[in-house]
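Here's a protein model to look through together. Keep the sequence and the 3D view side by side as you read.

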Amino acid sequence: MKRIQMLLFIVFIVALSAVFSACQGENIKQGQQAVVFPVYQEENPENLPYIDQINSTPKFQVKVDLPEGWRIGETPNSGKVDIPGSFYSTVLVYKGEEPAAYVGFNQFEPYQEEIPQEDYYKTVYPELRLSSMFVWDPYTTAAVWENGEAGVAEIWYKNPQEAEKNKSMAEIPEIETVGVLAYNKELGVFVGIAFVPGTMELEQAKEIAKTISIQPA
């Protein structure tokens, strides 16, 4: 009798361990990360009065699934990932212990006129598409929800280190990488993730974009 009880106990422990391992494996596979914006207060020089508006943005939360071993940190970007973009309160995304991207946000004024869904992104990200030093374009939609959408963009930008050498625009070499963009019309905010060149393929970024959600914190 005791042997049967012991055997049943062992079977129970093994089964419990299997369930626990499966749950742990599922969590690791999903790799969901969350960040609340604004993460920190931006500096407010006199020539950038709009920073007050950025700093006072009602808090909202972004959730996204990242590859295994990646995580969103709390360390301000501070130029460690020097990919240009119109984002504030940017923090680093780590692959292991190395910075692999940054994630940040900005505001936009939602258009009230009727605009086809496939063209609405043009009203959200115009400064990312029309800059002379960098371009987040072409943009491809990956997921659509009631108040917004997420997608991917190819990023082309002039090498910042070479730009500091007083070279002409034509002489400054371009760097290519990819990014993820998402917006929420109800909150009037958009989010960008810029990946270090060579760390992310466009199709990979598209799968990540499909997992993004932007909600009030």
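What follows is a short walk through confidence, strands, one valine and some rings.

This is a predicted model, where local features need pLDDT of at least 70, side-chain atom pairs count only at pLDDT 80 or more, and totals for chains, interfaces and linings use all residues. Residues are numbered from 1 along each chain as its sequence is written, and side-chain values use heavy atoms, with hydrogens and water left out.

First up, confidence. pLDDT is the predictor's confidence in each residue, from 0 to 100. The protein averages 85, and 82% of the residues score at least 70. Over residues 4-29, though, the pLDDT is below 50, and beyond near neighbours in sequence this stretch has one contact in the model (contact means heavy atoms within 4.5 Å).

Now the strands. A strand is a DSSP run of E with at least two residues, numbered from the N terminus, and two strands pair if DSSP finds at least two bridges between them. Take a look at β9, residues 189-195: seven of its seven residues are buried, meaning under 20% relative accessible area with a 1.4 Å probe, protein chains only. Val189, Val191, Ile193 and Phe195 are on one side of β9, while Phe190, Gly192 and Ala194 are on the other. β8 and β9 form a hairpin with four residues between them, and glycine 188 in the turn has a positive phi of about 70 degrees.

| Strands | Bridges | Facing residues |
|---|---|---|
| β5 and β9 | seven | Phenylalanine 105 and valine 191 |
| β8 and β9 | six | Leucine 181 and glycine 192 |
| β1 and β2 | six | Glutamine 33 and valine 64 |

β1 and β2 also belong to an open sheet of three strands in the order β1-β2-β10. Its edge strands are β1 (32-37) and β10 (213-216), and each pairs on one side only.

Is valine 103 buried or exposed? It counts as buried because its relative accessibility is 2%. Valine 103 is in strand β5 (residues 98-107). Leaving aside neighbours within four places in sequence, valine 103 touches several residues, including Phe37, Ile72, Val91 and Val191. Valine 103 and phenylalanine 195 are 92 residues apart in sequence and 9.0 Å apart in space, C-alpha to C-alpha.

Finally, the rings. The structure holds 15 aromatic pairs; rings of Phe, Tyr and Trp (its six-membered ring) pair if their centres lie within 6.5 Å. Ring pairs link a cluster whose members include Phe87, Tyr102, Trp136 and Phe190.

Note on methods: Buried < 20%, exposed > 50% of the residue type's maximum accessible area, 1.4 Å probe, protein only. Phe/Tyr/Trp six-rings, centres within 6.5 Å; stacked < 30°, edge-to-face > 60°.
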